[in-house]
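Please look over the chain shown here before reading the comments. They are meant for someone who has not seen it before.

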Amino acid sequence: MEDILLQITPLKELQDRVSNLQYRLQEKSLDGALITQKMDLYYFAGSMQNGFLFVPVGQAPLYMVRRNYNRALKESGWKKVIPLKNWGQLSAYLQEYLQGSLKTIGLELDVLPVNQYKQLLQIFPGVKFVDISTMIREIRMLKSEYELNCFRRADKIATDIFREIPALLEVGKSEIELAAEIETLYRKAGH
């Protein structure tokens, strides 16, 4: 049960995903990508704690976590996970990490809130931001064997729970009570 409750994405899986992204970034002559959206953070960092994952073209990613730093340390396989107290640190961290200046950064402009985009424009004057939303969707669209196995496990859990539902049905039981019992089954199985 423990391994179901805390499913850690293997480092090799994260490395393959990031390598694919880095290859595409290099093809577009970008210095790197700044990932902020929770599902993309989970896909590339193995954690969806609030923050930024910077994926430079030539080196390992840097995961800068604003909230729940300790959880991000446990969940992400990356070595470079650091706390980010405020937006002002973002530029300094990236310059120090890259030991140079940034010219072009890819962003998920399909989901990035406008206020965050405006903050990034202020933090990185002179940096050109490029939309990499389609690039990320294309990468995530192709499933690895690891991901397919996750789907298979989820299917087995759902099938097993669906088989238990008829035993929960009783005359007079409210829908809300039944829904709570079904949700309990899913949560116990690792949802």
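1. Overall make-up. This is a predicted model. The protein has 9 helices and 6 strands. Its C-alpha atoms fill a box of roughly 65 × 30 × 30 Å along the principal axes. Of the 191 residues in the protein, 38% are buried. Taking contacts between residues at least 6 apart in sequence, 57% join residues at least 24 apart.

2. Helix 2 against helix 3. How do these two helices pack? Helix 2 covers residues 11–27 and helix 3 covers residues 38–45; the angle between them is about 110° and their axes are 7 Å apart. Because angles of 65 to 115 degrees count as roughly perpendicular, helix 2 and helix 3 are described as roughly perpendicular to each other. On the side of helix 2 the contact is made by Leu-14, Arg-17, Val-18 and Leu-21, and on the side of helix 3 by Tyr-42, Tyr-43, Phe-44 and Ala-45. By class, this contact has 7 nonpolar residues, 1 charged residue and no polar ones.

3. In soluble globular proteins, nonpolar side chains tend to be buried together. Here the largest nonpolar core has 22 residues, and those with the most contacts inside it are Leu-21, Leu-25, Ile-35, Phe-44, Leu-53, Tyr-63 and Ile-132. Two or more residues each come from helix 2, strand 1 (32–35), helix 3, strand 2 (51–56), strand 3 (62–65) and helix 7 (133–141). Another core, of 19 residues, lies apart from it and includes Met-64, Leu-90, Tyr-97 and Leu-120.

4. Tyr-63. Leaving out residues up to four places away in sequence, what does Tyr-63 touch? Its partners include Leu-41, Ala-45, Phe-52, Leu-53, Ala-72, Lys-80, Val-81 and Ile-82. Ser-47, Met-48 and Gln-49 are also among them.

5. Helix 5. The buried residues of helix 5 (residues 88–98) are Gln-89, Leu-90, Ser-91, Leu-94 and Tyr-97. They pack against strand 1, strand 2, strand 3, strand 4 (81–83) and helix 6 (114–123). Just after helix 5 comes Gln-99, with a positive phi of about 55°.

6. Gln-49 is in the loop between helix 3 and strand 2. Is Gln-49 buried or exposed? Its relative accessible area is 10%, so Gln-49 is buried. Not counting residues up to four places away in sequence, Gln-49 touches Leu-41, Tyr-63, Val-65, Arg-67, Asn-68, Arg-71, Ala-72 and Glu-75. Glu-75 belongs to helix 4 (residues 69–75). Glu-75 counts as buried because its relative accessibility is 8%, and the cut-off for buried is under 20%. The side chain of Glu-75 makes a polar contact with the side chain of Arg-71, at 2.5 Å. Beyond four places in sequence, Glu-75 touches Ile-8, Gly-46, Ser-47, Met-48 and Gln-49.

7. Ala-179. Ala-179 lies in helix 9 (residues 175–188). With a relative accessible area of 42%, Ala-179 is partly exposed. How far is Ala-179 from Pro-61 in sequence and in space? The two are 118 residues apart in sequence, and their C-alpha atoms are 41 Å apart.

Methods
Residues are numbered from 1 along each chain as its sequence is written. This is a predicted model: local features need pLDDT of at least 70, side-chain atom pairs count only at pLDDT 80 or more; totals for chains, interfaces and linings use all residues. Side-chain values use heavy atoms; hydrogens and water are left out. Axes are lines fitted to C-alpha atoms, for helices over the stretch in contact, and angles run from 0 to 180 degrees between N-to-C directions. Helices (H or I, at least four residues) and strands (E, at least two) are DSSP runs, numbered from the N terminus. Angles under 35 degrees count as roughly parallel, over 145 as roughly antiparallel, 65 to 115 as roughly perpendicular and the rest as oblique. Contact means heavy atoms within 4.5 Å. Ala, Val, Leu, Ile, Met, Phe, Trp, Tyr, Cys and Pro count as nonpolar, Asp, Glu, Lys and Arg as charged, and the others, Gly among them, as polar. Buried means under 20% relative accessible area, exposed over 50%, partly exposed in between (1.4 Å probe, protein chains only). A polar contact is a pair of N or O atoms within 3.5 Å; within protein, one must be able to donate a hydrogen and the other to accept it, and residues adjacent in sequence count only if both atoms are side-chain atoms. A nonpolar core is a set of buried Ala, Val, Leu, Ile, Met, Phe, Trp, Tyr and Cys residues joined through side-chain atoms within 4.5 Å.
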